[in-house]
Amino acid sequence: MSDAVLEKDMSAYWDRAGKVWVEQQALLDRLYAPIAKVVVDRADLRAGERVLDIGCGAGATTFEAAWRVGPQGLAVGADISGALLQLARQRAGEAGLEGVDFVQADAQTHVFDPPFDAIISRFGVMFFPDPFAAFENLRRAVRPGGRLVFASWRSAEDNAIAGVPLEAAAPFLPSVPVFETDAPGRFGLADPDRTRTILEAGGWRNVRIEPLDDPTPVSFDELLTMSLRVGPLNPALANQDEAVREKVREAVTRALEPYVKDGVARMNSACWLVSAEG
Ligand SMILES: C[S@@+](CC[C@H](N)C(=O)[O-])C[C@H]1O[C@@H](n2cnc3c(N)ncnc32)[C@H](O)[C@@H]1O
């Protein structure tokens, strides 16, 4: 079984997968807040600018950008998932944020309007079935010299939280997902050479790809939630009976114990910080 997202109807897939992100929004927001900040800092957003957040999910990165560009600017979150956009819109309303908009769109093909000063993304650009078309389309969405900044995952080997639970669960499941680095999926942009090729083919210049490590601590329960609920084991467990789930839970718990000290896990999120100019 591949971890790649290869369904024909991507928005139906992300409406399903997005429900887990909706359910775990508070944990994901806390865990990945430092990454949103690094992305937005690197984008060097100024008051009054227009910024587009691709694969915005529940909107955390869009909101961070909106604070920077202020009410005279515009922060647009684009996502293919209706479920996540509904939550993003609700949160924007509750926060009383001005200058924020959300659009349901497939970033590969949507004609974005108006031209943006910057495009940002936190983990929202690795899932395109045709990344060449997608990044060329996104380049057309920025003004000449506009910035692109995104965070994507480094390899599964660099991210123990991805590989350790799968290895522990494998003996109890008919198959576990295999991570691919040249197919749409969480590790779809893990290979920096491939990412550079895709961006340059799409007309992006001055491509920089740097390691970004985030050791934000999580509790053991949160680590288990990330492993069993948010991570790739979730679909693999969906059709299993309770006895199998319990065995997997025990095995994953045992495998993760060495990563926890005094109830706190420091599992590095090993990412790439990618930037370029249009
Ligand atoms: C891993 S989640 C990240 C969400 C958000 N950026 C965050 O960090 O909380 C990936 C997001 O990309 C969105 N996505 C996937 N393919 C997309 C596409 N072709 N166009 C727009 N959004 C897409 C998904 O719906 C999902 O919200």
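Reply: The side chain of Asp-53 makes a polar contact with the side chain of Thr-62 at 2.7 Å (a polar contact is a pair of N or O atoms within 3.5 Å; within protein, one must be able to donate a hydrogen and the other to accept it, and residues adjacent in sequence count only if both atoms are side-chain atoms). This is a predicted model, in which local features need pLDDT of at least 70 and side-chain atom pairs count only at pLDDT 80 or more, while totals for chains, interfaces and linings use all residues. Residues are numbered from 1 along each chain as its sequence is written, and side-chain values use heavy atoms, with hydrogens and water left out.

Asp-53 belongs to strand β1, residues 50-54 (strands are DSSP runs of E of at least two residues, numbered from the N terminus). Asp-53 is buried, that is, under 20% relative accessible area with a 1.4 Å probe, protein chains only.

Leaving aside neighbours within four places in sequence, Asp-53 is in contact with Thr-61, Thr-62, Val-76, Gly-77, Ala-78, Ile-120, Ser-121 and Arg-122, where contact means heavy atoms within 4.5 Å. Arg-122 is also among the residues that come nearest to the ligand, together with Gly-55, Asp-79, Asp-106 and Ala-107, out of 17 around it (one of their heavy atoms lies within 4 Å of the ligand). A polar side-chain atom of Asp-79 is 2.5 Å from a ligand oxygen atom.

Technical notes:
Helices (H or I, at least four residues) and strands (E, at least two) are DSSP runs, numbered from the N terminus. Buried means under 20% relative accessible area, exposed over 50%, partly exposed in between (1.4 Å probe, protein chains only). Lys and Arg count as positive and Asp and Glu as negative; His and the chain ends are not counted. A salt bridge is a side-chain nitrogen of Lys or Arg within 4 Å of a carboxyl oxygen of Asp or Glu.
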